[in-house]
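This report describes selected features of one protein model. Please look at the sequence and the structure before reading on.

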Amino acid sequence: MIFIKNLIRKPSLSSFKSISESLTIKNFDNYYTTTTTSLNLNSNILFNNCDNKMSIENKEKIRAGLEDLMKRRFFITQSFSIYGGQAGLYDYGPPGCAVKANLINFWRQHFVLNEDMSEVDCVSVTPEQVLKASGHVAKFADFMVKDEVTKAFYRADHILEAHIQTLLKDTSKMNKEQIEELNFVLAKAGDYNQEQLKEALTKYNVKAPETGNALTEPYPFNLMFQTQIGPSGLSTGYLRPETAQGIFTNFGKLYEYNGKKLPFAAAQIGNAFRNEIAPRAGLLRVREFTMAEIEHFVNPNNKTHPKFQEIKDIQANLLSSDSQDKTSEIEVCTFGEAVQKKLIDNETLAYFMARTQQFLHTVGIKPAGLRFRQHQKNEMAHYAQDCWDAEILSSYGWVECVGHADRSCYDLKVHATESKSNLSAYEEFKEPQFVDIAKVVVNPGAISKKHRAAVSPIKKYLTELKDDLTKALEIQEAITKDGSYNLVLDGNTYDITADMVTISKAQEKKNGHTFFPHVIEPSFGLGRIIYSILEQNYYTRENDEQRGVLSLPAIIAPVKASILPLTSSDRIAPFVQTISKALKEANISTKVDDTGNAIGRKYARTDEIGIPFGVTIDFQTIEDNTVTLRERDTTKQVRIPISELPSTLRKLCDLTVSWSDILKTFPIYDSQSE
């Protein structure tokens, strides 16, 4: 294994043929490495500085160049801009929409099809009781502060981060310990609880940035958009903050659909909504965004994965929880090694992390710009067993783009309890087994004396503890130690005493057992991934900073090929329609540029929106039915018969051949038009 020194984390602010026919899981990363040109890796300032020491000027240069391109070529635009726009809301234009659609298509290919997942499409409007059960109503919040004079709102951790960054710009009067302390606060601010934020804001005398006024103490703000379902106003709902809950509430139907066998996975792609306090950084923090989520249900006693051997030797950049508090070093090791030493909790979690890495590499994220950061104890939900975020390097720092969590059985259990529905699974033993159970003896008469109106629900709850030995013994221990146990049912608390119930451990012969499956959840924020791809693949031509290029992989490029007639000659025009029709029939998107611009200018215009291949029709085409085929990143061209053009481009777009293969197959064409 290898260790890489890493700065303390900055808080994180079409249609394809089956690629598996030609690319196995094992060689995805190798294919990516060998087909990415050195130009792509070396021309983006960000990756000449992937040790995180990139200058502010370089960060701003990348960001400004890309944002200008995205607006000018209508990749994205602020929603309702003619009315002044609305922070945190963005529309995708034609090229941005095409990139997003292609990314989703490949995500389906890579995960849903290749992993035999069941895809669902659930509604966005969610009744309040569902999100109460999941914990979102009570806990889905960020901490906010307010300017005491102007009443302007700020997200507490963001305003603290900005203040610390300002302090770090001039460290001439600070000692080493003070600098380290500020860097530590900068790294941890996003994970601080309410009290920690209050202490830090007070200690560093943080004021409102625009006015210098005092700020209120931080307080929670629920991020969900509330609405009313129906005209009565009596049924409260929310726009979903994630897509996962629809999968959990449909678990019973999915379990039956999959033959009542585990493991199985369900997937969903759709929009989620979060009423961000202070949206910023473009697509990285918005109020409406597209998610792609997977819920992989497993037996809690068996979290191995049948295809783990296929990914165990793939290397990854891992920033463990322990490392974040100590050396902040990234450990480079294989997924197999990480599972073996319990750095990653189990095979299934590691398998999906590896598949995510393969996906991100294939769609254009550079290996040097991707790491997995483990959640620390103060970040992780009490029920989670292990969590790793895939973070992508951008000019904003390391940005969380994909979460991977072992959520245990929390979601199914709370929804089963609140809805009184069966969301469990059943496993039949190969041989009958004696299993530990709780022997529960209930005394309804004693319960009735103290809780007359609630005898039935209390008796039902206690009786059903038979198959939950851990909880049953916890209750018995509390009764023995404290004299009673406070049982909460439907918001009411009942004290359970020794005369009401007796619990002991026993054994029972069973042919199988019922249990709540655990779930491994990879959750993708597609907007963040798209922005990261665009930024990591944006560069300018050497010695010509006005020629921006988006070096997008063909598999997600908005248009696969441009058709470029050399002149507007009537003799060339018929070939434009013939070639365009042939490529579309091969399911290859095209863009014709028949303007009077010089061919070099046409190349530049297609390069900057990421079109990977250019087909030039010239006067030789009239003579021998050949055209030139140009590759965007190397700018090299070959002469190819029109009859072979559709199949060749189809293979290039499907990643079944590389451009280096094409250079060996067809004669090189030496163009002077660049």
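Is Ala152 buried, partly exposed or exposed? The model is predicted, and in it Ala152 counts as partly exposed, because its relative accessibility is 26%. Ala152 is found in the loop between strand β6 (141-146) and strand β7 (153-155). Leaving aside residues up to four places away in sequence, Ala152 touches Val145, Lys146 and Asp147. Val125 is 27 residues apart from Ala152 in sequence, and their C-alpha atoms are 29 Å apart in space.

**Helix pairs**

Two packed helices are described by the angle between their axes and the distance between the axes.

| Helix pair | Axis distance | Crossing angle |
|---|---|---|
| α8 (residues 156-168) and α9 (residues 176-188) | within 9 Å | roughly 155° |
| α5 (residues 94-113) and α15 | within 11 Å | roughly 145° |
| α5 and α20 | 11 Å | about 115° |

How are α8 and α9 oriented to each other, roughly parallel or roughly antiparallel? The axes of α8 and α9 cross at roughly 155°. Angles over 145 degrees count as roughly antiparallel, so α8 is roughly antiparallel to α9. The crossing of these two helices is left-handed. On the α8 side, the contact involves Leu160, Glu161, Ile164, Gln165, Leu167 and Leu168, and these meet Ile179, Leu182, Asn183, Val185 and Leu186 in α9. Sorted by class, the contact of α8 with α9 has 8 nonpolar, 2 polar and 1 charged residues.

Helix α5 takes part in the other two pairs of the table. With α15, the axes of α5 cross at roughly 145°, and the crossing is right-handed. The residues in contact are Leu103, Phe106, Trp107, His110 and Phe111 of α5 and Arg355, Thr356, Gln358, Phe359 and Thr362 of α15. They divide into 5 nonpolar, 4 polar and 1 charged.

With α20, the axes of α5 pack at about 115°, which means that α5 is roughly perpendicular to α20. This crossing, too, is described as right-handed. Val99, Lys100, Leu103 and Ile104 of α5 make the contact with Leu526, Ile529, Ile530 and Ile533 of α20. By class, the contact of α5 with α20 has 7 nonpolar, no polar and 1 charged residues. Leu103 of α5 is listed in the contact with α15 and in the contact with α20.

How many residues of α20 (residues 526-536) are buried? The count is 11 of its 11 residues, and the helix is mostly covered. The buried residues of α20 include Arg528 and Glu535 as well as Leu526, Ile529, Ile530 and Ile533.

In soluble globular proteins, nonpolar side chains tend to be buried together. The largest nonpolar core of this model has 68 residues, and those with the most contacts inside it are Trp107, Leu318, Phe335 and Ile344. Helix α15 (residues 347-362) supplies the largest share of this core, 8 residues. Phe335 touches, among others beyond four places away in sequence, Phe308, Ile311, Ile314, Ile344, Met353 and Phe372. Another core, of 25 residues, lies apart from this one, and among its members are Val576, Ile617, Val638 and Leu645.

**Backbone features in loops**

Most residues other than glycine have a negative phi, and most peptide bonds are trans. Which bond in this model is cis? A cis peptide bond joins Leu262 and Pro263, with omega about 0°. Pro263 lies in the loop between α12 (251-257) and β11 (264-273).

Lys260 lies in the loop between α12 and β11. The phi of Lys260 is positive, near 55°, in a residue other than glycine. Lys260 counts as exposed, because its relative accessibility is 54%.

Ser408 also is not a glycine and has a positive phi, of about 50°. Ser408 lies in the loop between β17 (397-406) and α16 (410-419). With a relative accessible area of 8%, Ser408 is buried. Ala384 is placed in the loop between β15 (370-374) and β16 (386-394), and Ala384 is buried, with a relative accessible area of 14%. Ala384 and Ser408 are 24 residues apart along the chain, and 5.9 Å separates their C-alpha atoms.

Key. Residues numbered from 1 in each chain as written. Predicted model: local features only at pLDDT ≥ 70, side-chain atom pairs only at ≥ 80, totals over all residues. Heavy atoms only, no water. Axes fitted to C-alpha atoms, helices over the stretch in contact; angles between N-to-C directions. Helix = DSSP H or I, 4+ residues; strand = E, 2+ residues; numbered from the N terminus. Parallel < 35°, antiparallel > 145°, perpendicular 65-115°, else oblique. Left-handed = near helix turned anticlockwise from the far one by under 90°. Contact = heavy atoms within 4.5 Å. Nonpolar A, V, L, I, M, F, W, Y, C, P; charged D, E, K, R; others polar. Core = buried A, V, L, I, M, F, W, Y, C linked by side-chain atoms within 4.5 Å. Buried < 20%, exposed > 50% of the residue type's maximum accessible area, 1.4 Å probe, protein only.
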